[in-house]
Each structure stands twice: as C-alpha cells, then as structure tokens.
There are 4 protein chains.
Amino acid sequence: RRFSISFNMAKSKFEYVRNFETDDTCLRNCYIVVRLDGRNFHKFAEQHNFTKPNDNRALGLMSRSARSVLEEMEDIVIAYGQSDEFSFVFKRSSTWFKRRASKLMTHVTSQFSSSYVFYWKEFFGEKPLLYPPSFDGRVVLYPSNRNIKDYLSWRQADCHINNLYNTVFWTLVQRGGLTTAQAEDRLKGTLAADKNEILFSEFDINYNKESDLYKKGTTLIWEKRDETVTKRLMLPNKEEKDVSVTRSRRRVETYHCDIIGEQFWEEHQDILEDDDC
Amino acid sequence: RRFSISFNMAKSKFEYVRNFETDDTCLRNCYIVVRLDGRNFHKFAEQHNFTKPNDNRALGLMSRSARSVLEEMEDIVIAYGQSDEFSFVFKRSSTWFKRRASKLMTHVTSQFSSSYVFYWKEFFGEKPLLYPPSFDGRVVLYPSNRNIKDYLSWRQADCHINNLYNTVFWTLVQRGGLTTAQAEDRLKGTLAADKNEILFSEFDINYNKESDLYKKGTTLIWEKRDETVTKRLMLPNKEEKDVSVTRSRRRVETYHCDIIGEQFWEEHQDILEDDDC
Amino acid sequence: RRFSISFNMAKSKFEYVRNFETDDTCLRNCYIVVRLDGRNFHKFAEQHNFTKPNDNRALGLMSRSARSVLEEMEDIVIAYGQSDEFSFVFKRSSTWFKRRASKLMTHVTSQFSSSYVFYWKEFFGEKPLLYPPSFDGRVVLYPSNRNIKDYLSWRQADCHINNLYNTVFWTLVQRGGLTTAQAEDRLKGTLAADKNEILFSEFDINYNKESDLYKKGTTLIWEKRDETVTKRLMLPNKEEKDVSVTRSRRRVETYHCDIIGEQFWEEHQDILEDDDC
Amino acid sequence: RRFSISFNMAKSKFEYVRNFETDDTCLRNCYIVVRLDGRNFHKFAEQHNFTKPNDNRALGLMSRSARSVLEEMEDIVIAYGQSDEFSFVFKRSSTWFKRRASKLMTHVTSQFSSSYVFYWKEFFGEKPLLYPPSFDGRVVLYPSNRNIKDYLSWRQADCHINNLYNTVFWTLVQRGGLTTAQAEDRLKGTLAADKNEILFSEFDINYNKESDLYKKGTTLIWEKRDETVTKRLMLPNKEEKDVSVTRSRRRVETYHCDIIGEQFWEEHQDILEDDDC
C-alpha cells in the first residue's frame with residue numbers, strides 16, 4: 001500500500017509542466033470578438049437536405065444556439081450571424097475569464113456546439129441529425145467603436161452580397177432549369193445590378209422584398225423590457241390574492257435590420273461604451 | 001436597385017478590419033496539447049444524478065466524445081482523460097490548420113461538445129440531458145518527449161490522487177454513514193497510506209483492486225489492427241463466392257493502463273517522434 | 001572546389017529554421033509605447049559620480065539620446081523621460097516595420113544606447129565613460145487617447161513623487177548632515193505635505209520653485225516652426241543677391257511642462273489622432 | 001503645498017495602465033536565439049570607408065561587441081556572427097529575465113549597440129564615427145538540439161555563399177577593372193564552382209586559402225581554461241614570497257571554424273544540453 005505516497009511525489013515532480021502554459025490575455029479596453037464558422041457546412045447542408053438558398057430551420061437553429069451563448073455570458077453586448085457563421089462581441093471593459101483568449105473562444109464555441117445538437121429537434125423535428133457537427137472559432141480585438149461597427153458592417157455587407165448571389169443562382173437552377181454549372185457561368189462577371197435585373201425581368205422577383213432574415217442576417221442584443229407577472233400574495237387576514245407585478249428585465253432580443261447605418265446604433269446607445277475610456 | 005453596388009463598395013471599405021486578426025501559429029517541432037475541462041461539472045453531475053465517486057455512463061460518454069475527436073483529426077497521436085477533463089496531443093510535426101492555436105483548440109472543443117450531446121442517449125438512455133453542457137479548452141506546447149510524457153504523467157498522477165480521495169470520501173458517506181462535512185474532516189491531513197488503511201480496515205476494500213478505469217483514467221491511441229472482412233466476389237464463371245480479406249487498419253484503441261512508467265512507451269514506440277528532429 | 005555547391009544545398013536544407021520565427025505584429029489602431037529603462041543605473045550613477053538628487057549632464061544626455069531616436073523615427077509623436085527611463089509613443093496609425101513589436105523595441109533601444117555613448121562627451125566632457133551602459137525595453141499598446149494620456153500622466157506623477165522624495169532625502173543628507181539610513185528613517189511614512197514642510201521649515205526651500213526639469217521631466221514633440229535662411233540668388237543680369245527665405249520645418253521641441261492636465265493636449269492637438277478612427 | 005498629495009492620488013488613478021502590458025515569456029525548454037542585424041549598414045560601411053569585401057576592423061569591432069554581450073549574460077552558450085549580424089543563443093534551461101522575450105532582445109541589442117560605439121576607437125583609431133549606428137533584433141525559439149545546430153549551420157552556409165560572391169565581385173572590380181554593374185552582370189547565374197574558377201584562373205586566387213574569419217565567420221563560446229597567476233604570500237616569519245597559483249576560469253573564446261559538421265559539437269559537448277530534458 002506504499003504506492004500511493006509515490007503518486008503525490010510523482011505529481012509534484014511532474015507539475016513543472018504547468019509552466020509551459022502561456023498567457024493569452026486580451027489587450028484591455030478593446031472589444032473582443034469571437035467568430036464561429038461551421039466546418040464543412042457545405043457538405044453538412046447537403047447531407048441534411050437544407051433548402052436552398054436559405055433554410056429557415058437551419059437559420060433558426062443557429063440563432064437559438066447563439067442565444068444560448070448570450071444567456072450564459074452576460075458580457076456579450078451584441079451578436080451577429082448569417083449563413084453558418086456567428087460573431088459574438090464582448091464589451092470592451094469585460095473581465096470574463098480574466099480576458100483570456102483561449103477560455104473565451106473555447107467556451108463560446110463549446111456552448112454553441114452543444115446547443116446546436118441540443119436544440120436540433122426543436123427546428124428539424126423528426127429529421128435526424130446524422131453526426132455531431134463542428135465549428136471553429138477565433139478571437140479578434142477591436143480598439144475603437146468605429147472599428148467594431150466596421151467589423152459588424154463588414155459581416156453584414158458579406159451577407160448581402162452572398163445572399164444576392166445565392167438567390168439568383170438557385171432561382172436560375174430551381175426555376176430557370178439551369179444546371180449549377182450553367183448558373184455559375186451565367187453569373188460570372190455580373191454586377192449586383194445585373195443580378196437584380198435577372199431576378200426582376202426573368203422571374204418577376206423584387207429582391208428588395210426578400211426576407212430581411214436572409215438579406216440582413218440576425219442580430220441579437222440585450223434589452224430591458226417590462227415584464228408583468230402575476231404573483232399570489234398571502235394577505236394579513238390569511239386570504240390569498242393575485243396581484244400583478246411589473247418589473248424591468250434584461251432579455252435577449254432578435255433583429256433582422258440594417259446595422260451598417262448609424263440609425264441602429266443611435267437607437268441602441270447602450271450597446272457600445274464610450275471611446276473616451 | 002442601385003443599392004447593391006454599394007454593398008460591394010461597403011465590403012471593401014470595411015474589409016480593413018481583417019488586419020486586426022493576429023497570428024497564433026504554434027512553435028514548430030513541439031507537441032501541441034489541447035486540454036478540455038467541463039465547466040461547472042460539479043453542478044452538472046448533481047443535476048444529472050451521476051453516481052459517486054465514479055459514474056460509468058459519464059466516463060463512457062467522455063471517452064466516446066474523445067474518440068469522435070480523434071477520428072476527425074488523425075494528427076492526434078494520444079489522448080488521455082479522467083473525470084471531466086480530456087487532453088489531446090497532436091504530433092510534433094503536425095501541420096493541421098497550419099498549427100494555428102485558435103483553430104486547433106476550438107475545433108477540438110466543438111467536436112467534443114457536440115459529440116457529448118449527440119452520444120448522450122447511448123450512455124444515459126432515457127435519462128434526459130437537461131441543458132447543453134460546456135467545456136473550456138486551452139493549448140499548451142511541449143518541446144521534448146520527456147516533457148510530453150511528464151505532462152501525461154502529471155494528469156495520471158492527478159487522477160490517482162483524486163480517485164483515492166473520492167473513493168474513501170464517498171465510502172465514508174455512503175457506507176460509513178458520515179455527512180459530507182464529517183467525511184471531509186476525517187480525511188483532513190491524511191496521507192495516501194492512511195486513506196488505503198481506512199478503506200481496508202473499516203470497509204474491507206483493497207484499493208488496488210478497484211477498477212483501472214477509475215484509478216488510471218482512459219488513454220486513446222491509434223493502432224494498426226488486422227481486420228478480416230468477408231467479401232463476395234464474382235467468379236469468371238458468373239458464380240459468386242465469399243472470400244475473407246485481411247487488411248491492416250488504423251483504429252482508435254482504448255487503454256486503462258499506467259502511462260507514467262516506461263513500459264507503455266516502449267510497447268507503443270510509434271506514438272512519439274524522435275527528439276532528434 | 002566542389003565544396004561550395006554543397007553550401008547552397010546546405011543553406012536550403014537548413015532554411016526551414018526560418019519558420020520558427022513568430023509574428024509579433026502590434027494590434028492596429030493602438031498607440032505603441034516603447035519604454036526604456038537603464039539597467040543597474042543606480043550603480044552606473046555612483047561610478048560616474050552623478051550629482052544627487054539630479055544630475056543635469058545625465059538628464060541632458062538622456063534627452064539628447066531620445067532626440068536622436070525621434071529624428072530617426074518620424075512616426076514617434078511624443079516622448080517622455082525622467083530619471084533613467086524614456087517612453088516613446090508611435091502614432092496609432094503607424095506602419096513602421098509593419099508594426100512588428102520586436103523590430104520597434106530593438107531599434108529604439110539600439111539607437112538610444114549607441115547615442116548615449118556617442119554623445120557622452122558633449123555632456124560629460126573629459127569625464128570618461130567607464131563601460132558601455134545598457135537599457136532594456138518593452139512594448140505596451142494603448143487603444144484610446146484616454147489610455148495613452150493616462151499612461152504619460154502615470155509616468156509624470158511617478159516623476160513628481162520620486163523627485164520630491166529624492167529632493168528631501170538628499171537635502172537631509174547633504175545639508176542636514178544625516179546618514180542615508182537616518183534620512184530614510186526620517187522619511188518613513190511621511191506624506192507629500194510633510195516632505196514639503198521639511199524642505200520649507202528646515203532648509204528654507206520652496207519645492208514649487210525647484211526646476212521643472214526635475215519636477216516634470218522632459219517631453220519631446222515634433223513642431224512646425226518657421227525657419228528663415230539666407231539664400232544667394234543669381235539675378236538675370238548675372239549679379240548675385242542674398243535673399244531670405246522662410247519655410248516651415250518640422251523640428252523636435254523640448255518641454256518641461258505639465259502633461260497631466262488637459263491644457264498641454266489642447267495646445268498641441270496634432271499629437272494624438274482622433275479616437276473615432 | 002497641497003498639490004503633492006494629489007500626485008499620489010493621480011499615480012494610483014493612472015496606475016491601471018500597467019495592466020496593458022502583456023506577458024511574452026519564451027516557451028520553456030527551448031533554445032532562445034537573439035539575432036541582431038545592422039540597420040542600413042551598407043550605407044554605414046560606405047560612409048566609414050570599410051574595405052571591400054571584408055574589413056578586419058569592422059569584423060573585429062562586431063566580435064568585440066558580441067564578447068561584451070556574452071560577458072554580461074552568462075546564460076548565452078554560443079554566439080555566431082558574420083558580416084553585420086550576430087546571433088546569441090541562450091541555454092534552453094535559462095531563466096534570465098524570467099525568459100521574457102522583450103527583456104532578452106532589448107538587453108542584448110542595447111549592450112551590443114553601446115559597446116559598438118564604446119570600442120570603436122580600439123579598432124578604428126582616429127577615424128571618427130560619424131553618427132550612432134543602430135541594430136535591430138528579434139527572438140526565435142528552437143525546441144531541439146537538431147534545430148539549434150541547423151539554425152547556426154544556416155547562418156554559416158549563408159556566410160560562405162555571401163563571402164564567395166563578394167570575394168569574386170570585388171576582385172573583378174578592384175583587380176579586374178570592371179565597374180560594379182559589369183561585375184554584377186558577369187556573376188549573374190554563375191554557380192559556386194564558376195566563381196571559384198574565375199578567382200583561380202583569372203586572378204590566381206585559391207578561395208580555399210582565404211581567411212577562415214571571412215569564410216566561416218566568428219563563433220564565441222565559454223571555455224574553462226587554466227590560468228596561472230602569481231600571488232605574493234606573507235609567510236609566518238613575516239617574509240613575503242611569490243607563489244604561482246593555477247585555477248580554472250571560464251572565459252569567452254573565439255573560433256573561426258566549421259560549425260556545420262558534427263566535429264565542433266563533439267569537441268564542445270557542454271555547449272548544448274541533452275534533448276531528453
């Protein structure tokens with residue numbers, strides 16, 4: 001029974017390996033963005049018969065998983081997602097996990113991934129999930145409000161461009177009868193205006209009237225909302241009585257709106273902290 | 001319809017934000033360890049009624065999820081897990097994801113997390129998973145074979161020490177009738193030998209005979225195994241015939257053995273690459 | 001003579017070692033501070049008989065070396081020094097050395113160190129420099145104007161505090177006849193007000209009237225100044241004539257003024273770039 | 001006199017800026033290389049009339065400055081220099097400056113730079129140094145003995161290749177009467193063997209007999225040498241007597257030898273630590 005003593009000795013002998021860990025604290029006073037991207041989601045979408053160009057169930061599941069991340073981490077002030085990617089922005093003064101990049105990105109990725117499987121059935125019903133999907137993540141820092149707004153604008157501009165392309169592409173295939181190769185050819189070198197024109201003149205589709213969910217992606221923010229709940233009170237005379245109580249609660253709200261222009265930011269001034277800090 | 005032109009312009013105007021990403025390439029010729037730890041798993045275990053001190057279903061699910069990670073990433077040469085943690089070791093010459101730390105750790109964490117939910121039912125049957133669990137991850141580099149073996153030894157020594165403690169603690173509570181506070185008190189300041197003695201003299205338990213799964217944790221490695229499959233061949237005379245074909249396949253194998261001593265490493269010399277490289 | 005072929009082969013065989021270099025690019029849109037500190041300058045000051053508490057020659061040499069750094073690197077917008085330290089601030093949009101931290105800090109340190117020896121004689125005359133002195137450097141990033149002003153304020157507050165202490169300490173020793181140990185004892189636990197009082201009541205010194213060079217350190221910035229030079233012109237009739245030409249030139253100017261308050265920054269608005277960038 | 005209180009308050013208010021410093025500890029158990037390169041030394045050499053292709057004074061001054069670095073930092077186990085560059089290798093177990101990369105590289109660069117100016121006169125006599133020169137530095141880590149030997153071999157192969165080129169180039173110009181443009185043209189596309197041939201057949205120069213200082217660069221290592229000094233002893237009878245005392249002292253020794261082959265490493269086995277650590 002003497003062996004176990006040696007395990008304590010062993011542990012202290014080996015413990016030096018701890019010192020090989022390096023510090024990856026994020027620079028203070030910068031917004032911390034964690035962006036996730038689905039791995040091989042092109043194939044994943046095929047295998048699970050996602051509708052083209054947009055699958056409402058899949059987009060809903062992405063959103064639901066993102067909400068689950070926000071609810072776990074209150075320091076996330078805004079999240080933006082489109083297609084198989086989602087970006088989470090931690091407030092610049094956040095001290096979550098001591099701002100350690102690896103903790104922040106793995107925790108976000110993990111929560112998102114397990115939620116994606118957990119909530120699958122809510123969106124896909126009896127359609128089975130064939131295998132556990134994977135997302136990769138990264139951390140990027142932005143020092144100013146201008147930078148973080150430009151980052152989100154970049155992602156939303158990307159959403160617009162991809163969605164316009166995909167909308168025309170799949171319309172040409174699904175309604176125009178082209179093969180995917182033919183559709184690709186047809187679109188080579190076309191400008192946005194050309195793509196709008198194809199949709200309008202050939203298929204009578206006004207792209208501007210397409211769903212904002214597709215054109216603008218999904219934005220999640222925390223908002224204070226008044227909530228009224230009914231509480232049963234015990235009165236002094238031992239009688240019970242229902243009273244309604246209103247209180248302000250912070251909740252995650254969903255938007256499919258423009259975040260490139262200034263209007264969104266003016267209407268939600270508490271998302272960003274002041275630059276002069 | 002002119003708006004969409006501006007999205008292309010917008011995108012290129014905002015694209016500068018890309019340059020805020022920093023390079024986190026792992027130093028060459030070092031082993032890359034990604035270690036995962038369950039977040040708030042103490043509470044998670046309570047809420048899902050894990051048996052104490054070890055829950056075979058939970059340990060099995062951890063192992064299954066780890067196997068799913070290995071099968072996705074062939075450059076992982078060995079993985080070691082115990083309790084709610086798992087370490088994955090990439091070979092020192094690996095060029096997966098260009099050795100980018102963030103990609104490596106988030107991909108491992110994501111695959112593990114989604115697998116944990118995906119395979120839950122295989123291990124817990126009808127017992128429902130109450131919410132999506134989360135794991136955090138980190139990357140640590142080890143330059144020499146000595147260092148990486150010491151790292152794994154450190155985790156296994158930790159497993160031994162914790163398991164001995166937990167075994168005595170829960171035996172005192174479950175069979176000895178102590179409260180958890182009393183058990184904690186009783187064990188304060190005891191050495192390994194004392195703990196063995198309590199188990200032996202008071203409960204007739206020989207700790208050495210406890211399951212290796214608990215005492216030594218779980219080690220996963222790739223091994224070449226001959227596999228014989230039966231194939232139906234069409235003979236020239238149009239008859240069909242079953243023939244058995246043997247071929248060598250790389251498979252993930254599971255061990256619950258000592259990895260602190262040299263024996264394991266001598267028996268599996270292809271796990272580590274030579275230091276002189 | 002065939003050997004030299006093999007050196008080309010050797011070089012390409014070994015060139016893989018280049019890939020072990022890691023990228024240390026500084027985050028964009030942040031001020032980059034390089035701070036230098038003299039190594040073992042306490043001893044260096046003793047060995048070169050610096051006067052206490054402040055040696056004008058030594059402070060002048062520090063300043064001269066710092067100016068030499070600024071003149072080499074135009075992207076430095078402000079430098080601040082006191083005692084044996086100097087901080088250099090690169091503008092937030094700088095792309096010098098592609099913002100590589102190691103290049104920036106070693107180049108600043110090198111230029112400063114070689115200048116210190118080079119200009120020694122200008123300040124110390126025939127007093128010989130006994131050995132080559134050394135400075136160490138570091139890089140720190142600041143994301144906002146508030147942060148960089150606070151950084152410089154921190155160094156200037158440090159200058160004030162140290163200089164008040166040193167002034168009283170050396171007055172007690174040099175004029176009060178105390179040993180250094182006695183002076184240290186005497187000052188233990190005293191507040192700033194107490195130190196002012198000692199100077200005033202015992203030695204008739206009004207600390208406020210001490211030199212700003214000592215109390216406020218040295219600030220170097222670039223300024224546009226009109227410079228008038230005389231040029232000899234050849235007239236059409238072959239006669240020569242002296243004309244005076246005025247042009248605006250950027251020069252390094254020296255200040256010993258308060259940089260904690262807003263006044264300095266209001267008077268020199270071109271030092272910092274706007275936060276909203 | 002109340003102002004000074006506020007400086008203490010100010011300092012603590014501003015001190016938060018300290019937390020913006022990031023940790024840059026070098027991975028343990030790796031060799032740490034600091035390499036310096038002269039900045040704009042092509043121009044510097046012109047302005048100080050260095051002889052071509054090699055200037056013994058300049059090479060001697062580089063060596064002298066490197067020795068000054070080694071003597072300040074005993075953890076440097078080997079240094080190798082050629083032309084206007086020098087590499088310093090810290091032992092893999094070094095804990096100097098807590099292995100902080102910025103401290104290591106700036107201290108080496110600073111010591112080297114100030115030494116270069118300090119010792120200038122020893123090598124260049126009355127020829128004046130026109131301005132303070134600058135060097136930039138970087139840190140690279142190497143995990144194995146093979147890697148660090150390959151790094152040094154890479155630099156020596158580079159020395160060979162450049163020196164052969166420069167030797168032929170300047171011989172064509174200085175003795176062959178070609179312009180530099182003509183010499184460049186003449187050498188375009190030539191192999192090492194061709195260059196040797198030009199030297200031999202046109203100028204009767206056997207390149208192999210050129211100085212090893214030029215062909216192999218300069219290697220500095222620490223060596224134990226017996227040193228005999230004469231000490232005057234006081235005998236019991238009050239007489240004095242000279243006795244010679246021998247002791248072993250560590251000194252920096254200079255080599256101009258091959259470090260690509262194994263012989264050098266076999267003869268100096270104490271330079272590198274074992275890989276199995």
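1. First, the ground rules. This is a predicted model, in which local features need pLDDT of at least 70 and side-chain atom pairs count only at pLDDT 80 or more, while totals for chains, interfaces and linings use all residues. Residues are numbered from 1 along each chain as its sequence is written, chains are lettered from A and ligands numbered from 1 in the order in which they are written, and side-chain values use heavy atoms, with hydrogens and water left out.

2. Let me begin with chains A and B. Here 65 residues of chain B meet 65 residues of chain A (contact means heavy atoms within 4.5 Å). Together the two chains bury about 5,900 Å², of which 63% is on carbon and sulfur atoms (buried area is the accessible area, with a 1.4 Å probe, that two parts lose on being put together, summed over both).

3. Six salt bridges cross between chain B and chain A (a side-chain nitrogen of Lys or Arg within 4 Å of a carboxyl oxygen of Asp or Glu). One salt bridge joins B:Lys11 to A:Asp158, with the closest N and O atoms 2.8 Å apart. There are also 24 residue pairs in polar contact between chain B and chain A, both residues at pLDDT 80 or more (a pair of N or O atoms within 3.5 Å; within protein, one must be able to donate a hydrogen and the other to accept it, and residues adjacent in sequence count only if both atoms are side-chain atoms).

4. Which elements of chain B supply at least two residues each to the side that touches chain A? They are helix H1 (3-14), helix H4 (101-118), S4, H6 and helix H8 (192-203) (helices, H or I, of at least four residues and strands, E, of at least two are DSSP runs, numbered from the N terminus). H4(B) gives the most, with 13 residues. By class, this side of chain B has 32 nonpolar, 19 polar and 14 charged residues (Ala, Val, Leu, Ile, Met, Phe, Trp, Tyr, Cys and Pro count as nonpolar, Asp, Glu, Lys and Arg as charged, and the others, Gly among them, as polar).

5. Now for chains D and A. Eight residues from chain D and eight residues from chain A make this contact, and the two chains bury about 730 Å² between them, 64% of it on carbon and sulfur atoms. In chain D, D:Phe20, D:Asp23 and D:Arg28 lose the most area to chain A, together 58% of what that side buries. The rule finds zero salt bridges between chain D and chain A, but two residue pairs are in polar contact, both at pLDDT 80 or more.

6. Back in chain B, B:Asp37 and B:Arg35 form a salt bridge, with the closest N and O atoms 3.6 Å apart. B:Asp37 is buried at a relative accessible area of 16%, and B:Arg35 is buried at 6% (buried is under 20% relative accessible area, exposed over 50%, partly exposed in between, with a 1.4 Å probe and protein chains only).

7. Strand S4 (residues 135-142) of chain B is largely enclosed by the rest of the structure, because eight of its eight residues are buried. B:Phe135, B:Gly137, B:Val139 and B:Leu141 point one way, while B:Asp136, B:Arg138, B:Val140 and B:Tyr142 point the other way. S4(B) pairs with strand S1 (residues 31-38) of chain B in the antiparallel sense over eight bridges (strands pair if DSSP finds at least two bridges between them). Opposite B:Asp136 in S4(B) stands B:Asp37.

8. Finally, a loop residue for you to inspect. C:Leu129 sits in the loop between helix H5 (120-124) and strand S4 (135-142) of chain C. Is C:Leu129 buried or exposed? C:Leu129 is buried, with a relative accessible area of 13%. Leaving out residues up to four places away in sequence, C:Leu129 touches C:Phe44, C:His48, C:Val117, C:Trp120 and D:Phe118. The C-alpha atoms of C:Leu129 and C:Phe44 are 9.8 Å apart, although 85 residues separate the two along the chain.
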